[in-house]
Amino acid sequence: MGKYLNAHHLINNMRNEARAAGGGGGAPPAPRPPPPPPPAPPAAAAAAAQGPRVVVAGPTDVGKSSLCRMLLNWAVRAGHQPTYVDLDCGQGTVTAPGCLAATPVETPIDVEEGYPTQVRAREATLTPHPH
């Protein structure tokens with residue numbers, strides 16, 4: 001659990017740096033600021049303002065989904081709105097199994113109920129859409 005909290009604090013610090021880089025608050029300037037760093041390429045500057053991206057990977061049944069839920073919950077409680085991208089086609093935590101999904105997380109995720117948009121295989125039905 002300590003490692004998970006350390007990961008959360010590192011990610012949270014990166015989010016706060018990105019928020020500050022985007023013009024959101026910050027400390028007043030020092031009397032003699034150091035020389036500015038060379039300008040970053042536009043793509044790098046835009047990525048820095050958006051915050052970190054975290055990839056959780058590993059073998060089956062090691063707690064990847066649990067870690068993601070904890071990190072998402074801590075981020076939401078810290079006032080951030082992370083986006084969860086589910087690339088595991090076999091699990092279906094956010095959508096039906098066999099699909100990829102991305103969803104913004106606005107509220108903490110219930111440990112027992114799962115993601116608010118979670119679709120369970122037995123509840124998922126395919127219905128034709130009239131054109």
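Of the 131 residues of the protein, 23% count as buried, meaning under 20% relative accessible area; over 50% is exposed, and in between is partly exposed (1.4 Å probe, protein chains only). This is a predicted model, in which local features need pLDDT of at least 70, side-chain atom pairs count only at pLDDT 80 or more, and totals for chains, interfaces and linings use all residues. Residues are numbered from 1 along each chain as its sequence is written, and side-chain values use heavy atoms, with hydrogens and water left out.

**Overall layout**

- The protein has 3 helices and 2 strands. Helices (H or I, at least four residues) and strands (E, at least two) are DSSP runs, numbered from the N terminus.
- Starting at the N terminus, the order of elements is α-α-α-β-β.
- Take the contacts in the protein with a separation of 6 or more: 54% of them join residues 24 or more positions apart. A contact means heavy atoms within 4.5 Å.

**Confidence**

- The average pLDDT of the protein is 74, and 66% of the residues score at least 70. pLDDT is the predictor's confidence in each residue, from 0 to 100.
- Over residues 23-31 the pLDDT is below 50. Beyond near neighbours in sequence, this stretch has 1 contact in the model.
- Residues 118-126 also stay under 50 in pLDDT. For them the model has 13 contacts beyond four places in sequence.
- Among the elements, helix α3 (residues 64-77) has the highest mean pLDDT, 90. Helix α2 (residues 42-50) has the lowest, 62.

**Helices α1 and α3**

- Two packed helices are described by the angle between their axes and the distance between the axes.
- The axes of helix α1 (residues 2-21) and α3 come within 10 Å and cross at roughly 45°. Axes are lines fitted to C-alpha atoms, for helices over the stretch in contact, and angles run from 0 to 180 degrees between N-to-C directions.
- That angle makes α1 oblique to α3. Angles under 35 degrees count as roughly parallel, over 145 as roughly antiparallel, 65 to 115 as roughly perpendicular and the rest as oblique.
- On the α1 side, Y4, L5, A7, H8, I11 and R15 take part. They meet L67, M70, L71, W74 and A75 in α3.
- By class, this contact of α1 with α3 has 9 nonpolar, 1 polar and 1 charged residues. Ala, Val, Leu, Ile, Met, Phe, Trp, Tyr, Cys and Pro count as nonpolar, Asp, Glu, Lys and Arg as charged, and the others, Gly among them, as polar.

**L71, in helix α3**

- L71 sits in helix α3. It is buried, with a relative accessible area of 12%.
- Not counting residues up to four places away in sequence, L71 touches Y4, A7, H8 and I11.
- L71 and L5 are 66 residues apart along the chain, yet 8.4 Å separates their C-alpha atoms.

**Two loop residues**

- D61 lies in the loop between α2 and α3. Its relative accessibility is 79%, so D61 counts as exposed.
- D61 has a positive phi of about 55°, although it is not a glycine.
- C99 lies in the loop between β1 (83-86) and β2 (101-104). C99 is partly exposed, at 33% relative accessible area.
- C99 touches D88 and C89, leaving aside residues up to four places away in sequence.
- From C99 to D88 is 11 residues in sequence and 8.1 Å in space, C-alpha to C-alpha.
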